[in-house]
Amino acid sequence: MIKDTEAKSGVLSGVTVLDLSRLIAGPYSAMVLADLGARVIKVEALTGEDGRHFGPPFYNESSVTFMACNRGKESIAMDLRQPEGKAVLERLLRQAQVLVHNFRPDFTERYGLRYEEVQRINPEIIYYVVSAFGEDGPARLKPAVDSVIQGLAGGFFASGEESDPPIRIGLPIVDVASGMCGAVGMLAAIMHWRQTGHGQRVELSLIDTMFNFMASKVGEFAIEGRAPVREVNLPIAVPSRHFQGNDGNYFSVSIVNESAFRRFCQIIERPQWIDDPRFAKNSARIENRQELLLVLEEIFATQSAADWVKRFESADIPCGPVNTVPQAMADPVLANRFQTHSGLPGLPLIGFPAQLAQGMRPVAQMSPPPRVGEHTAALLAECGYTPEEIATLATLGVVGLAA
């Protein structure tokens, strides 16, 4: 039987997760379960999963992207396509509660990893699959990644101004958000399993994640019968965007209600706007936003960005500098959100956004992301393989042993 070799505390203590996924969406969701105390065993190819090679930059021979999605896991390197490798996986599956993967349906069909087949090995398994467009339907085999999904859903036309070319959001928002949503789905399935003893299939599609981001834009199109308005100042609250001070730096300020707008007018020395029918209400400001923004650009060009931020902060108005990454990390308040790890010197680590007061392990107390096959020998031994059998599997290229 697989035993938890690392002392853990957390709401998921006693739950074993097999993470067969690659890149970001799947590994991130499994990492959240590790944060919550689950034992997560990363099953990866002999050369390591694809995300290890996403770089530069690299840290300890793995990409920074990989390091951000795989803390608290153990690694077993193996070739699932070989019968002996599938036999190892079956032993692992019998002792696990959750399986995570993002293989395409043609791969799972070829190698016996469909839900019904896995369920025959472990009837109580929670089977979590990440796909681009769902496992059924005409696009079930279509490959897609974060940037492709953003573009397909119309997300490239949700940023910038009307005259701009399509703009990709330069962050893996679909993948990371899918990882967060996937963790929620698996937690719900684990709760159901604990209550009833029954596992189930849980599916997440990347396109659904993106359409959740796009819900207001899709609604705008459906109701107005036109392409959604595209501009930096979102046409739901005005002003709400970034501006440039006279020092060349930018700052962001957002007005979310009429009380804030009245304080805003006092700060910029335009008290007459409080009763001006063009600007007095948010709906009017939206209608006259272009006129308003032109005047605001002139006003904000009279002082530095830092001065405007200081003045707006004094009036309790949401605002802040538009930082570069180095500037953000130089801010002691922001940098304090990150944690350090004795095994990962020089690499800032950020915890999951929702932190439990009890039942969640601090990042600094979790094991660093594993080396490829770091725990292969130990895991095989737990599954009942003898040292001689382990050596034979390694010689045949079925498993990989860390140096």
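A residue is called buried when its relative accessible area is under 20%, exposed when it is over 50%, and partly exposed in between, using a 1.4 Å probe and protein chains only. By this definition Arg81 is exposed, at 55% relative accessible area. The structure is a predicted model, in which local features need pLDDT of at least 70 and side-chain atom pairs count only at pLDDT 80 or more, while totals for chains, interfaces and linings use all residues. Residues are numbered from 1 along each chain as its sequence is written, and side-chain values use heavy atoms, with hydrogens and water left out.

Arg81 also takes part in a salt bridge, that is, a side-chain nitrogen of Lys or Arg within 4 Å of a carboxyl oxygen of Asp or Glu. Its partner is Asp79, with 3.1 Å between the closest N and O atoms. The whole structure holds 23 salt bridges.

Another of these pairs joins Asp19 to Lys42, at an N to O distance of 3.7 Å. The two residues lie 23 residues apart and link distant parts of the chain, Asp19 in strand 1 (residues 16–19) and Lys42 in strand 2 (residues 39–44); strands are DSSP runs of E with at least two residues, and helices are runs of H or I with at least four, both numbered from the N terminus. Asp19 is buried, at 0% relative accessible area, and Lys42 is likewise buried at 0%.

Arg285 is buried, with a relative accessible area of 1%.
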